[in-house]
Amino acid sequence: MSHPDPYGNTESRGWDRPAAPALPWPDTDIEPGPWRPGPAAHTHPAEPDTYARPGPGPDTYAGPDTYAAPDTYAGPYPTTSRHHNGPGRYDGPPAGDRARPDGQEHRGPWGEPARDDEYPTAQIAPVRDEPTDQIPAVRDEPEPEPPAGRRGPGRRRASAERPPTTAPKSSRAGRNLPAAIGVGVALGAAVVVPLFFFMPAFLAVLAAAVGIGIWEMARAVRRSGAHPPLAPLVAGGVITVGLAWFAGPDALCLGLLVTVLGTMIWRLGDGPGNYQRDLTAATLIAVYVPFLAGFAAMLAAAPGDGALRVLVTLAAVVLSDTGGYAAGVSFGKHPMAPTISPKKSWEGFAGSVTAAAAGSAALLWALFDVAPWWGALFGMAISVSAVLGDLAESMIKRDLGVKDMSNLLPGHGGLMDRLDSILFAVPVAYLLLAVFVPVVS
């Protein structure tokens with residue numbers, strides 16, 4: 001039957017309770033009967049505020065009042081557990097339900113006997129340690145060899161007639177020296193031959209070099225997220241070099257202005273996103289490549305001795321690079337700018353200045369009848385500007401995270417890796433030669 005709701009609700013709680021046992025006091029509604037207290041009820045008096053700890057269960061209060069131990073219910077109402085063993089008493093689940101393999105009983109967090117569903121793995125046999133001396137040892141099986149007559153990709157069997165191939169060793173400067181020398185000689189011939197035999201061809205070579213340099217720079221700066229428009233930069237660069245060739249310094253500045261303005265107008269078609277970044281990169285390229293190269297065009301356009309002016313400038317740059325390379329490889333121990341170019345040393349810089357000064361003193365005295373000390377000063381200035389140009393490009397490459405501007409030239413990287421020294425040297429050469437060797441109209 002359902003027990004009445006103690007809060008006054010006359011309806012049933014919704015579950016059936018077993019018949020109520022006899023209570024220890026008379027009740028007119030319930031038939032009296034014998035009563036049996038629980039075995040764990042504590043009825044003996046003890047000192048106040050004294051707590052007995054019988055074992056793994058919770059603290060048991062043994063004061064003047066009576067407190068039933070865990071799993072003992074001595075109240076007026078019967079328990080409803082499925083393991084209820086009599087009125088007023090709960091003995092927990094049967095021993096078979098909570099027995100562990102080692103003979104001990106499963107206990108809950110408060111020491112109470114656990115139910116079957118709390119420990120579903122109680123009936124699983126424990127894992128035994130198996131002896132490992134009977135397990136066969138693991139043997140390393142040899143890898144199967146490929147069939148005869150076949151070999152893996154990229155391999156070649158060496159023999160007495162066919163020695164094993166080895167990768168070409170680079171020099172201490174990090175270059176493939178034979179390839180670098182061959183490419184350098186080819187580039188020098190491409191400049192010097194038209195310079196002395198057909199001057200308009202030299203202008204074409206210079207314009208082509210400017211176009212390739214602009215392409216390499218625009219390709220490299222894209223790694224930083226900038227996308228300068230290539231078409232107006234190349235067109236404006238070629239126009240700038242042509243204006244400098246035919247009209248001199250004023251036209252060179254006009255060509256730079258036209259290139260920057262044309263790039264700004266062209267870039268408007270791509271929307272406002274990253275406009276400032278793209279325009280900044282485009283301006284850097286326009287100044288770095290075509291504007292500086294325009295001084296080479298003005299050197300070559302000098303009447304009478306334009307070819308010789310270009311020759312002594314290129315010779316000073318080559319002497320600076322060669323002297324710096326030889327001195328740096330042989331004696332370089334003190335880095336010049338380790339965060340920008342770790343391979344450059346102060347010993348190499350001294351070699352660059354010495355070689356350029358000595359060579360320029362001899363060339364300017366032989367070709368222009370300039371005093372050797374003025375020629376040496378010219379060579380030193382060209383060497384310093386060439387080294388600064390090399391460091392400037394190295395800084396740009398470090399910032400962009402590239403080793404070379406491109407792989408167009410074997411042993412050199414990109415064309416801009418060869419033009420970096422020349423582009424900084426030609427404005428200095430144009431200024432000094434205008435002082436040491438005035439142009440005769």
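Me: Which residues make the nonpolar surface patch?
Reply: V192, V193, F196, F197 and F198 make it. The patch covers about 520 Å². Keep in mind that this is a predicted model.

Me: Take F196. Which helix is that in?
Reply: F196 lies in helix α2, which spans residues 177–197.

Me: And how open is F196?
Reply: F196 is partly exposed. Its relative accessible area is 39%.

Me: New topic. How many salt bridges are there in the whole structure?
Reply: A search of the whole structure finds six.

Me: Why do such pairs form at all?
Reply: Side chains of opposite charge can pair when their charged atoms come close.

Me: Give me one. What does R309 pair with?
Reply: R309 meets D305 in a salt bridge, side chain to side chain. The N to O distance is 3.1 Å.

Me: Are those two buried or exposed?
Reply: R309 is buried, at 3% relative accessible area. D305 counts as buried too, at 16%. The cut-off for buried is under 20%.

Me: Next one. What is the partner of D417?
Reply: D417 forms a salt bridge with K397. Their closest N and O atoms are 3.1 Å apart. This pair links distant parts of the chain. D417 is in helix α10 (residues 416–436), while K397 is in helix α9. They sit 20 residues apart.

Me: Why does D417 count as buried?
Reply: Because its relative accessibility is 4%, and buried means under 20%. K397 counts as buried as well, at 11%.

Me: What about K403? Which residue does K403 bridge to?
Reply: K403 forms a salt bridge with D404. Here the closest N and O atoms are 3.9 Å apart.

Me: Is K403 buried or exposed?
Reply: K403 counts as exposed, at 64% relative accessibility. D404 is partly exposed, with a relative accessible area of 30%.

Me: Which residues are joined into one network by shared partners?
Reply: E393, K397 and D417. Salt bridges that share partners join them.

Me: Buried or exposed?
Reply: D390 is buried, with a relative accessible area of 18%.

Me: So what does D390 touch, beyond its neighbours within four places in sequence?
Reply: With those neighbours left aside, D390 is in contact with K344, D420 and S421.

Technical notes:
Residues numbered from 1 in each chain as written. Predicted model: local features only at pLDDT ≥ 70, side-chain atom pairs only at ≥ 80, totals over all residues. Heavy atoms only, no water. Patch = residues over 30% accessible without salt bridge, like charges linked within 9 Å, V, L, I, M, F, W, Y side chains within 5 Å. Areas by Shrake-Rupley, 256 points an atom, 1.4 Å probe, with all protein chains shown as cover. Salt bridge = Lys/Arg side-chain N within 4 Å of Asp/Glu carboxyl O. Helix = DSSP H or I, 4+ residues; strand = E, 2+ residues; numbered from the N terminus. Buried < 20%, exposed > 50% of the residue type's maximum accessible area, 1.4 Å probe, protein only. Contact = heavy atoms within 4.5 Å.
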